[in-house]
Amino acid sequence: MSSAIESVMQENRVFPPSAETIKSATISGMAAYEALCKEADQDYPGFWARLAREHVSWKQAFTQSLDESNAPFFKWFADGKLNVSYNCLDRNVSAGLGDKVAIIFEADDGKVTKVTYRELLVRTTKFANALKATGIKKGDRVIVYMPMSVEGIVAMQACARIGAIHSVVFGGFSAKSLQERIMDAGAVAVITADEQCRGGKSLPLKPAVDEGIALGGCESIHSVIVYQRTGGACNMVAGRDKWWHEITANQSDTCEPEWVEAEHPLFILYTSGSTGKPKGVQHSSGGYLLHAILTMKWTFDIKPSDVFWCAPPISVGLPATPTSPTVRWPAAPPRSFSKAYRPIRMPAASGKPSRITRSPFFTPRRRRYAR
């Protein structure tokens, strides 16, 4: 019997898109794709400089796209200044898209909430001002331990707006997992909720924060901000814990963005830790923003009239959909995806391949959107 490992995962079939699909695509066929590759091959730094100038709004324009002077620690657009929240929200409002829906959120109980770019901007600026009033500033690390909710997105946008570095911890992780990430990041604050709703049940979040901090090593934490998701009882530590609705109630709905360097950290994303100590990956503001925009434009081929379905938890990163509404909701059986999909007619989706392929509405045509 042979001891060689035989691969059964090889797939060599090619499914060419229709002429109609090619014609409407942002990258319209192989000729357009090869032209992009040729441009990049001929002038790699110039290629990315062009894209950064075309797709990102800069407060201070960069003069050099790639700095290789301290290789392998490369820097992109290093002397340029920008703000990610401004690029996600203000830019769309200024372009006349303020009343366009930015987020369609379906809660665990099926309730659907639609939030426009203007509404999301107001909620973000009010919470950003609240964070500043709490003593959080540029460069501070903030843990976001939230349920799937519009407020989770607001928290990430608000951190980006003031130059704070957020790190989202999945709401299903334990108190110990939370403590490890607080310690590693040197976080000064945790943004959480009283409870989260999953599968018709209310599950505690705030108690896990209290337990994680009590494990020790979290002396850097000076604030815990709690969003009242369900109204469930939770302990509030005097002087440290603050209710979201109370600290935002009297805040101004305008907040000047903190203009940061392109290499300024935007967020830290940790591995699950299932095979050892969690490892944090730091994403920079300019590079991540450009990557997110081009992923939507090139990979998902998003058009302004499209709706983008996003099933993963908010722990996968900061939403930066340029001009199309994003649908988000908590973990749910695949059949609920079908219920949400049919009336909205979403042309693009992002999620775990296993979850997408188990969905009743899944077809090979849509397989290319699975991520």
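Around helix 8 of this predicted model, the cover over the buried residues includes strand 6 (141-145), helix 7 (175-185), strand 8 (189-193), strand 10 (201-204), strand 11 (223-227) and strand 12 (241-243). The helix itself spans residues 206-214, and its buried positions are Lys206, Ala208, Val209, Asp210, Gly212 and Ile213. In an α-helix there are 3.6 residues a turn, so residues three or four places apart point the same way. After helix 8 comes Gly216, which has a positive phi near 100 degrees.

Strand 11, one of the elements that cover helix 8, is itself mostly covered, since five of its five residues are buried. As a general rule, side chains in a regular strand alternate between the two faces of the sheet. In strand 11, Ser223, Ile225 and Tyr227 point one way while Val224 and Val226 point the other way, and all of these residues are buried. The strand has a parallel partner in strand 8, to which five bridges join it, and it also pairs in the parallel sense with strand 12, over three bridges. The table gives one bridge position for each pairing.

| Pairing with strand 11 | Bridges | Residue in strand 11 | Residue opposite |
|---|---|---|---|
| Strand 8, parallel | five bridges | Tyr227 | Ala193 |

Helix 3 (residues 44-55) packs against helix 10 (residues 285-299) at an angle of about 85 degrees, and their axes are 11 Å apart. Because angles of 65 to 115 degrees count as roughly perpendicular, helix 3 is roughly perpendicular to helix 10. On the side of helix 3 the contact is made by Phe47, Trp48, Leu51, Ala52 and His55, and on the side of helix 10 by Leu290, Ile293, Leu294, Lys297 and Trp298. By residue class, the contact of helix 3 with helix 10 divides into eight nonpolar residues, one polar residue and one charged residue.

Aromatic rings are the next topic. A search of the whole structure finds twelve aromatic pairs. One of them joins Trp76 and Phe77 in a tilted arrangement, with 5.7 Å from centre to centre and 55 degrees between the planes.

Elsewhere in the chain, Met156 lies in helix 6, which covers residues 150-162. Its relative accessibility is 0%, so Met156 counts as buried. Met156 and Ser85 are 71 residues apart in sequence, and their C-alpha atoms are 8.8 Å apart in space.

For the chain as a whole, the model contains twelve helices and 18 strands. Of the 371 residues in the protein chain, buried residues make up 49%. Among contacts in the protein chain with a separation of 6 or more, 67% are accounted for by residues 24 or more positions apart.

How values were computed: Residues are numbered from 1 along each chain as its sequence is written. This is a predicted model: local features need pLDDT of at least 70, side-chain atom pairs count only at pLDDT 80 or more; totals for chains, interfaces and linings use all residues. Side-chain values use heavy atoms; hydrogens and water are left out. Buried means under 20% relative accessible area, exposed over 50%, partly exposed in between (1.4 Å probe, protein chains only). Helices (H or I, at least four residues) and strands (E, at least two) are DSSP runs, numbered from the N terminus. Contact means heavy atoms within 4.5 Å. Axes are lines fitted to C-alpha atoms, for helices over the stretch in contact, and angles run from 0 to 180 degrees between N-to-C directions. Angles under 35 degrees count as roughly parallel, over 145 as roughly antiparallel, 65 to 115 as roughly perpendicular and the rest as oblique. Ala, Val, Leu, Ile, Met, Phe, Trp, Tyr, Cys and Pro count as nonpolar, Asp, Glu, Lys and Arg as charged, and the others, Gly among them, as polar. Rings of Phe, Tyr and Trp (its six-membered ring) pair if their centres lie within 6.5 Å; planes under 30 degrees apart count as stacked, over 60 as edge-to-face and the rest as tilted. Two strands pair if DSSP finds at least two bridges between them.
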